[in-house]
Amino acid sequence: MSSEPQTQATADAKLTADIRASTRDEPVRARLTTDERVLARVTDGIYRQPGSAIRELVSNSYDADATRVVIKTDRPRFETLTIEDDGNGMTPDALAYLLHHIGGSAKRSPDGSRLGITDREDSMRSPNGRRLIGKIGIGLFSVSQLTNRFDIVTKIQGDDSLTFASVVLRQYSDDGPPATDDEGKYEAGHVEIWREPASDPEVHGTTITLTGIRPHTRDTLRSNEVWAVIDADPSLDPEESRAVEPPVFHIGRVKHDDPSSFEGDTDAYDSLPWSSDDDPEAAFGKLVDAVWEQVEGKSKNPRLSDIFDYYLRMVWQLSLSIPAPYVRGSPFELAVGDGMYLYEIPKTIKSTAQRFELAEGETILGTRSIGSGASVGDDFVVYFDDLRLARPLKFTDLPNTTHAVRKPILFVGRCREEFRGIRHELSGGPLEFEAYLIWTPKVAPTEHQGVLARVHGSSGTLFDPTFLRYQVSEQTRLRQITCEVFVSQGLEAALNIDRESFNFAHPHVVYITQWLHATLRRVATEQKRIAGEIRAGRRATAAVETEAAMSKVARKAWREESDDPGAVPPHVVFDEGPDESLFEEPGTYRFRRAPILGEKPARPTVADTTTEKQMEALVQLLAAFGVLENLSEKQQERLLAGIREILEASA
């Protein structure tokens, strides 16, 4: 019998005895430990979607200083999946540590530098200085979401041998006794490891090949659920049938009874926005453009779930989550000139945002020193089948809309909070981040409405459309805002274990939430002000044009009726002074304002001014035909007041 269970039982018995003998003055102090069943459930899969597992493997490549990652699938069959990188690779020591310390990563620990996994001076960084994404050592075992079998081939530079590992993971079950090894420890699976000579000692990197993809995962990747609904015969159950359109873009599908064959024509079984002649970078650009083209086409508010099948949505979400460059450039590094309204977010919540402008060729990063965090991942290239992944967000060349504000409104800022006076274990330490919020009349796809937080260039949360539970009811405006937060220090401890959600009680999340909500209020205020100014300007321009048109009619009538080409209509005045004769001032028609137009407002609007100009032109027109000459002052006032009421009623 193993000594491990006995040792644990003895420790439990001793703690029990100590608790019974303890008092308030002499309490028991003990360490909290985790049951191995928790670890078992972790290795069995904690991620919600297959794409999440692929994201974790890409993050491992990034932490290994890879500059190039290639993901290959046999779509749409999805029998195998391979991820190959040119990272540092693993020594036999590092591989042994990985396999025997699941959940006990050498990253961020003293063991990291010894194993060649981290920088010698800073365990929070990779050997080449990248801030690490991984934390607890379960990233590799995220593949349990996809399969229970995978092979590893790895090698470090200068090693004359390749290291192979063939891993079979055990399926966790709450029923029956747990699987244990000879020492009584939980056994997550088994592995066969061997070494073979390398053809090139200088080559380095790691390749992971997944085989035997789980049937449920394979069905998900194939979008089988969607295709099944589309293919269903509505006559079999008309009450339950629902109209489902095929995805606009998809990778095709295999035949249900013959997975080796494709549905449809051999040469046209898929529907993709790129062609086989496009290079991977151009192909991904066309994928992004295809979404924006929907705004001007059939779908005014395109959703990825309507446009793409699962595979394309997975690729899109992966491109959002990994460290990568932007498809058309970062908002901080674009020379936008006067193509945007630009504001810098103040460091204090109660201060006002400052408007600024960029000269031709200038960028926000170059002039304001904001946005370096958005560049994390520019040296990291990820290929997924035909595509070179990039952050699929566009900030320029957006579709025209009928909205009053035609140009985007971009807010940028940076913030650092030390949490002075609060103990580190309570505050989580300093927090530093940069961010942008961009308002545009239309956001595409709709999944980009919200806030996305990146920690050292990586994110698993995608966009949160609630903006961290923003309670103000401005749903229309919120649907026009995209925000990214780039955290360079802090927030990691607030990420839940799957890195797809936050602990909202963590001080860093609380601080970012307060900062974000204050900034949203600023964005709303400025957007309203800009829209108001634009509308007022348009009304003023329209009023001037209307006044000119009315004056032209009056001048024409006066010249024709006076038979004098040089004749000019008389001046018209609506006066608030005492009653005076209409013709006391030569050439001027003078009227009391109140009976005709009402009391003069303290702040006349464009509409008030337009009405007054209309009445002036009407007086000139009536005078040209002699209508006013035989009327008393009171009759003239009643006539003009009646005309004004008719004009206002028809407006």
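Predicted model: local features only at pLDDT ≥ 70, side-chain atom pairs only at ≥ 80, totals over all residues.
Close-up 1. Look for a polar atom of the Ser459 side chain: the backbone oxygen of Ala453 lies 3.0 Å from it. Once neighbours within four places in sequence are set aside, Ser459 is in contact with Arg55, Ser321, Leu452, Ala453 and Arg454.

**Close-up 2. Helices H3 and H10 pack against each other.** Two packed helices are described by the angle between their axes and by the distance between those axes. Here, H3 (residues 50-63) and H10 (residues 310-321) have axes 10 Å apart, at an angle of about 35°. Their crossing is right-handed. On the H3 side you will find Pro50, Gly51, Ile54 and Arg55, which meet Tyr310, Met314, Leu318 and Ser321 of H10. Sorted by class, this contact has five nonpolar residues, two polar ones and one charged one. Arg55 and Ser321, both part of this helix contact, are also among the residues in contact with Ser459 from the previous view.

**Close-up 3. Two proline residues follow cis peptide bonds.** One of these bonds runs from Arg75 to Pro76, with omega near -5°. Pro76 has its place in the loop between strand S1 (68-73) and strand S2 (80-85). The other bond joins Ala444 and Pro445, and its omega is about -5°. Pro445 is found in the loop that lies between strand S14 (431-439) and S15.

**Close-up 4. Asp65 and Leu491 have positive phi values.** Neither residue is glycine, and phi is near 70° for Asp65 and near 75° for Leu491. Asp65 lies in the loop between H3 and S1, while Leu491 lies in the loop between strand S16 (481-489) and helix H14 (507-562).

**Close-up 5. Cys415 and Cys483 are buried cysteines.** Cys415 has a relative accessible area of 5%, so it counts as buried. For Cys483 the relative accessibility is 0%, so this cysteine is buried as well. How many disulfides does the model have? With a pair of cysteine sulfur atoms required to lie within 2.5 Å, the count comes to zero.

Conventions
Residues numbered from 1 in each chain as written. Heavy atoms only, no water. Buried < 20%, exposed > 50% of the residue type's maximum accessible area, 1.4 Å probe, protein only. Polar contact = N/O pair within 3.5 Å; in protein donor to acceptor, adjacent residues only side chain to side chain. Contact = heavy atoms within 4.5 Å. Axes fitted to C-alpha atoms, helices over the stretch in contact; angles between N-to-C directions. Helix = DSSP H or I, 4+ residues; strand = E, 2+ residues; numbered from the N terminus. Left-handed = near helix turned anticlockwise from the far one by under 90°. Nonpolar A, V, L, I, M, F, W, Y, C, P; charged D, E, K, R; others polar.
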